[in-house]
Amino acid sequence: SIFFASLFLSKKNFSLSDAIISTMLFALALQTGFIILNLNFETSFYLQTIPVIISLLYGPLLFLYVQKLTNRNLPFLQIDLLHLIPFFIFLLANHIFTEDHSWYFKSVSAGAVVIGSVYAVLTYLKLSAHKKNIVHEFSYQKKINLNWISRLVIGLLFIWIGVIVLVGLHRFANMYFKMEFFFLVIPSFVFYIGYYGFKQNVIYT
């Protein structure tokens with residue numbers, strides 16, 4: 001994640017959308033670091049909750065990335081920070097509920113799933129509108145149709161649906177599933193976002 005984020009920062013024509021996706025990659029690196037720390041050491045409830053709270057960033061950041069990339073000369077506005085309110089609320093709450101509160105951890109996890117799912121749908125709708133618009137503006141659409149983001153969003157939706165199913169089976173059928181597959185998913189997403197994001201050029205100049 002840090003490698004790809006550094007590549008973005010070194011781009012000659014560094015754009016606002018590049019800055020947003022770099023932030024997402026740094027967040028992925030930070031989250032991975034906390035997960036490894038929590039698995040290998042006996043950490044506090046505060047540190048154990050941080051990786052889940054970081055998950056609240058991905059949906060809004062991906063939505064903002066697509067928004068800035070598909071709108072001509074649209075700057076980052078103060079109102080855009082509203083998308084990050086859930087992240088900051090739970091981050092602040094994490095300083096209050098420093099002891100082991102299972103209900104709080106479940107609340108953060110549920111918030112991450114709901115927000116991730118909602119923003120995945122909003123991003124997909126934004127992409128669909130973009131694809132309709134470029135038909136009338138561009139004759140060559142291969143590098144600007146953002147199909148790679150559509151595939152990413154669909155993948156995220158499947159992951160969130162999978163999480164909901166696993167949580168439901170655990171709660172109502174008392175079935176427990178190991179979550180090691182996330183360690184395969186995270187590196188795959190990092191490479192996918194980094195590779196295609198770095199290749200993605202600004203659509204409107």
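Biologist: Which residues make the nonpolar surface patch?

Modeller: In this predicted model, Leu77, Ile79, Leu82, Ile85 and Ile89 form a nonpolar surface patch of about 450 Å².

Biologist: Where is Ile79 found?

Modeller: Ile79 lies in the loop between helix H4, residues 58-70, and helix H5.

Biologist: Is Ile79 buried or exposed, and why?

Modeller: Ile79 counts as exposed because its relative accessibility is 55%, and the cut-off for exposed is over 50%.

Biologist: Turning to Thr70, which helix holds that residue?

Modeller: Thr70 belongs to helix H4.

Biologist: And is Thr70 buried or exposed?

Modeller: Thr70 is buried, because its relative accessible area is 10%; buried means under 20%.

Biologist: What does the side chain of Thr70 reach?

Modeller: The Thr70 side chain comes to 2.6 Å from the backbone oxygen of Val66.

Biologist: Now helix H3. How many of its residues are buried?

Modeller: Helix H3 spans residues 45-54 and is mostly covered, with 7 of its 10 residues buried.

Biologist: Which residues are those?

Modeller: The buried residues of H3 are Phe45, Thr49 and Pro51, together with Ile50, Val52, Ile53 and Ile54.

Biologist: A last topic is confidence. What pLDDT does the protein average?

Modeller: The average pLDDT of the protein is 77, and 69% of the residues score at least 70.

Biologist: Which elements have the lowest and the highest mean pLDDT?

Modeller: Helix H1, residues 2-9, has the lowest mean pLDDT among the elements, at 61. The highest, 91, belongs to helix H5, residues 85-96.

Technical notes. Residues are numbered from 1 along each chain as its sequence is written. This is a predicted model: local features need pLDDT of at least 70, side-chain atom pairs count only at pLDDT 80 or more; totals for chains, interfaces and linings use all residues. Side-chain values use heavy atoms; hydrogens and water are left out. pLDDT is the predictor's confidence in each residue, from 0 to 100. Helices (H or I, at least four residues) and strands (E, at least two) are DSSP runs, numbered from the N terminus. Patches are made of residues with over 30% relative accessible area and no salt bridge: like charges are joined within 9 Å, nonpolar side chains (Val, Leu, Ile, Met, Phe, Trp, Tyr) within 5 Å. Accessible areas come from the Shrake-Rupley method with a 1.4 Å probe; for residues, only the protein chains shown count as cover. A salt bridge is a side-chain nitrogen of Lys or Arg within 4 Å of a carboxyl oxygen of Asp or Glu. Buried means under 20% relative accessible area, exposed over 50%, partly exposed in between (1.4 Å probe, protein chains only). A polar contact is a pair of N or O atoms within 3.5 Å; within protein, one must be able to donate a hydrogen and the other to accept it, and residues adjacent in sequence count only if both atoms are side-chain atoms.
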